[in-house]
Amino acid sequence: SLVGVNTNDKVSSGGALFGIGVRVLPNGGYIISSPNWGANDEGAVTWCDATGCVGNISAANSLLGTNLSDQVGDILISTFSDGNYAVLSSLWGLNDQGAVTLGAGFTGTFGPLTSSNSIIGVAASGGAYLDYSYYEPYCRLTVLRPSDLTISFMTAPMCLDQKVFAP
């Protein structure tokens with residue numbers, strides 16, 4: 001079984017919007033949302049293959065927050081029919097700028113949540129207003145960042161070699 005390391009880690013407690021702590025992927029794997037994981041509620045979203053997860057939540061098996069009360073995965077995790085998933089973390093960042101991560105459904109997305117694996121908000125408290133959509137034929141995530149007056153795009157890394165992209 002997957003376990004936390006702190007008393008109040010609340011593994012699989014889920015996000016605030018739907019309170020769903022486990023989301024099943026089309027390939028039989030699953031995503032576990034634990035926004036209260038960590039000594040300071042940094043949060044974790046753990047990817048497990050169809051055989052399951054064993055051990056402690058860590059950077060080796062989870063997307064992790066690094067700041068006090070990041071609560072990664074606090075709002076919503078969406079799964080898509082191509083196997084990928086998106087994680088909305090509205091409280092990420094020292095000023096709640098928020099972040100949206102496009103996760104790799106067949107391999108997972110691990111380590112700290114950063115600008116290299118996520119689209120990050122800039123405006124303080126802007127995380128509450130982030131929204132996204134996903135276009136499966138091109139594995140493309142569109143993130144609306146109204147507090148930043150910006151729209152950002154991200155393509156899942158596993159699709160770069162497999163798809164022919166439209167202009």
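Biologist: Let's start with Tyr132: which residues is it in contact with, leaving aside its neighbours within four places in sequence?

Modeller: In this predicted model, Tyr132 is in contact with Leu76, Ile77, Ser78, Phe80, Ala86, Leu88, Val100, Leu141, Thr142 and Val143. To count as a contact, heavy atoms have to lie within 4.5 Å.

Biologist: And what makes a group of residues a nonpolar core?

Modeller: The residues must be buried, come from a set such as Val, Leu and Tyr, and be joined through side-chain atoms within 4.5 Å. The largest nonpolar core here has 15 residues, and Leu88, Val100, Leu102, Tyr132, Tyr134, Leu141 and Val143 touch the most other members. The elements giving two or more residues to this core are E8, E9, E12 and E13. Apart from it lies another core, of 13 residues, including Leu25, Trp47, Val72 and Ile77.

Biologist: Why is E8 called largely enclosed?

Modeller: Buried means under 20% relative accessible area. Five of the five residues of E8 pass that test, so the strand is largely enclosed by the rest of the structure. In a regular strand the side chains alternate between the two faces of the sheet. In E8 both faces are covered: Tyr85, Val87 and Ser89 are buried on one side, Ala86 and Leu88 on the other.

Biologist: How do you know that E8 pairs with E7 and with E9?

Modeller: Pairing needs at least two bridges between the strands. E7 and E8 have four, in the antiparallel sense, with Leu76 standing opposite Leu88. E8 and E9 have five, again antiparallel, and there Tyr85 has Gly103 as its bridge partner. The hairpin of E7 and E8 has five residues between the strands, with Gly83 at a positive phi near 100°.

Biologist: What makes E12 and E14 edge strands?

Modeller: Three strands form an open antiparallel sheet in the order E12-E13-E14. Strand E12 (131-135) and strand E14 (150-155) each have a single partner strand, so one side of each is left without a neighbour in the sheet. On average, neighbouring strands of this sheet are turned by 20° against each other, direction ignored.

Biologist: Why is Thr46 called buried?

Modeller: The cut-off is under 20%, and Thr46 has 0% relative accessibility, so it counts as buried. Thr46 lies in strand E4 (residues 44-48).

Biologist: How do you know that the side chains of Thr46 and Ser62 make a polar contact?

Modeller: The limit for N or O atoms is within 3.5 Å, and these two side chains come to 2.6 Å. Leaving aside neighbours within four places in sequence, Thr46 is also in contact with residues including Leu2, Tyr30, Cys53 and Asn61.

Biologist: What makes the phi values of Ser69 and Asp96 worth a look?

Modeller: Most residues other than glycine have a negative phi. Ser69 has a positive phi of about 60°, and Asp96 has one near 55°. Ser69 lies in the loop between strand E6 (62-64) and strand E7 (76-79), while Asp96 is in the loop between strand E8 (85-89) and strand E9 (99-103).

Biologist: Are those two buried, partly exposed or exposed, and how do you know?

Modeller: Exposed starts over 50% and buried is under 20%. Ser69, with a relative accessible area of 31%, falls in between, so it is partly exposed. Asp96, at 28%, counts as partly exposed too.

Technical notes
Residues numbered from 1 in each chain as written. Predicted model: local features only at pLDDT ≥ 70, side-chain atom pairs only at ≥ 80, totals over all residues. Heavy atoms only, no water. Buried < 20%, exposed > 50% of the residue type's maximum accessible area, 1.4 Å probe, protein only. Polar contact = N/O pair within 3.5 Å; in protein donor to acceptor, adjacent residues only side chain to side chain. Axes fitted to C-alpha atoms, helices over the stretch in contact; angles between N-to-C directions.
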